[in-house]
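The following exercises are to be worked with the sequence and the structure at hand. Each task is followed by a solution in steps.

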Amino acid sequence: MDVAERETQVRSFVEEVWNGRNYEAAADLYSENYVNPFGTGPSARVEPIRRYHHAFPDLHLDVEELIVAGDTVVLKGILRGTDTGGHLGRPPTGRAVEDWVVDIMHFEADKVISEWIGADNLGLFIQLGVLDDPWPTQVQAPAASR
C-alpha cells in the first residue's frame, strides 16, 4: 500500500468510526490480532470510542497531522465535544471540551496490529472541573523585597 492509500485508509477510519459512529468500519483498519486492555480485534478498538461517544455525544475528531512512514502512521488530532453523558462514570457537566490526541499505529499488511495513544487527560480533567487548574491564568509579578 502506498503512502496516499494508507493516508486515505486512516482518514476514512476517523470519518467513519470516530465521526460517523459506524463501528463496524473499524474492521477495515484493525486486525483480528490487534490487542488492547478492552480485548482483541476491531471490537477492542471500538469500545473506548463508544465510551467517548456516550460521554460526549457530539464528539468530533479533527485530524491535524497525519504522517505515514513505512508500516507506521502517526495521527495528531483534536477531539471536541460536550460532556452531556458523563465521562468515566462521573455526572455530566455540560461543559464543552477540547483534547489533543496522538496515535502511533503499526501496520502489518493493510491492518493495524498495535498502537500507542497519548492524550491530554490532565487538560481534559481540568476542563471538566474534575481537577483544579494548577496554573494561574494570570501570573503576577513577585512582590518587591522590603
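**Exercise 1: The setting of Gln9**

Gln9 counts as buried because its relative accessibility is 14%, and the cut-off for buried is under 20%. The model in which this value was computed is a predicted one.

Task: Determine in which helix Gln9 lies, which backbone oxygen its side chain reaches, and with which residues Gln9 is in contact beyond its neighbours within four places in sequence.

Solution. 
1. Locate the residue: Gln9 belongs to helix H1, which covers residues 3–19.
2. Follow the side chain: the side chain of Gln9 reaches the backbone oxygen of Asp110 at 2.6 Å.
3. List the contacts: with neighbours within four places in sequence set aside, Gln9 touches Met1, Asp28, Leu29, Phe107 and Asp110.

**Exercise 2: Strand pairing**

Task: Trace the pairing from strand E3 to strand E4, from E4 to E5, and from E5 to E6. How many bridges join each pair?

Solution. 
1. Strand E3 (residues 60–69) runs antiparallel to strand E4 (residues 72–82), and 9 bridges join them. Within this pair, Ile67 has Val74 of E4 as its bridge partner.
2. The hairpin of E3 and E4 leaves 2 residues between the strands, and Gly70 there adopts a positive phi near 60 degrees.
3. E4 pairs with strand E5 (residues 96–108), again in the antiparallel sense, over 11 bridges. Leu75 stands opposite Asp103 of E5, and Thr82 has Ala96 of E5 as its bridge partner.
4. E5 is joined to strand E6 (residues 111–119) by 8 bridges, and these two strands run antiparallel. Here Val102 stands opposite Gly118 of E6.
5. The hairpin of E5 and E6 has 2 residues between the strands, and Ala109 in its turn has a positive phi of about 60 degrees.

**Exercise 3: The two faces of E5**

Task: Sort the side chains of E5 by face, and state which are buried.

Solution. 
1. Side chains along E5 alternate between two faces.
2. Val97, Asp99, Val101, Asp103, Met105 and Phe107 point to one face and are buried.

**Exercise 4: The cavity**

Task: Which residues line the largest cavity, and what is its volume?

Solution. 
1. The structure holds 1 cavity of 30 Å³ or more, and the volume of the largest cavity is about 30 Å³.
2. Its lining consists of Tyr52, Phe56, Leu59, Leu79, Val97, Asp99 and Leu124.
3. By class, this lining has 6 nonpolar residues, no polar ones and 1 charged.

Conventions: Residues numbered from 1 in each chain as written. Predicted model: local features only at pLDDT ≥ 70, side-chain atom pairs only at ≥ 80, totals over all residues. Heavy atoms only, no water. Pairing = 2+ DSSP bridges. Helix = DSSP H or I, 4+ residues; strand = E, 2+ residues; numbered from the N terminus. 1 Å grid on protein atoms, 1.4 Å probe; cavity = no way out; pocket = protein on both sides within 12 Å on 5 of 7 lines; lining within 4 Å. Points joined across faces, edges and corners; volume = space filled by probe spheres on them. Nonpolar A, V, L, I, M, F, W, Y, C, P; charged D, E, K, R; others polar. Buried < 20%, exposed > 50% of the residue type's maximum accessible area, 1.4 Å probe, protein only. Polar contact = N/O pair within 3.5 Å; in protein donor to acceptor, adjacent residues only side chain to side chain. Contact = heavy atoms within 4.5 Å.
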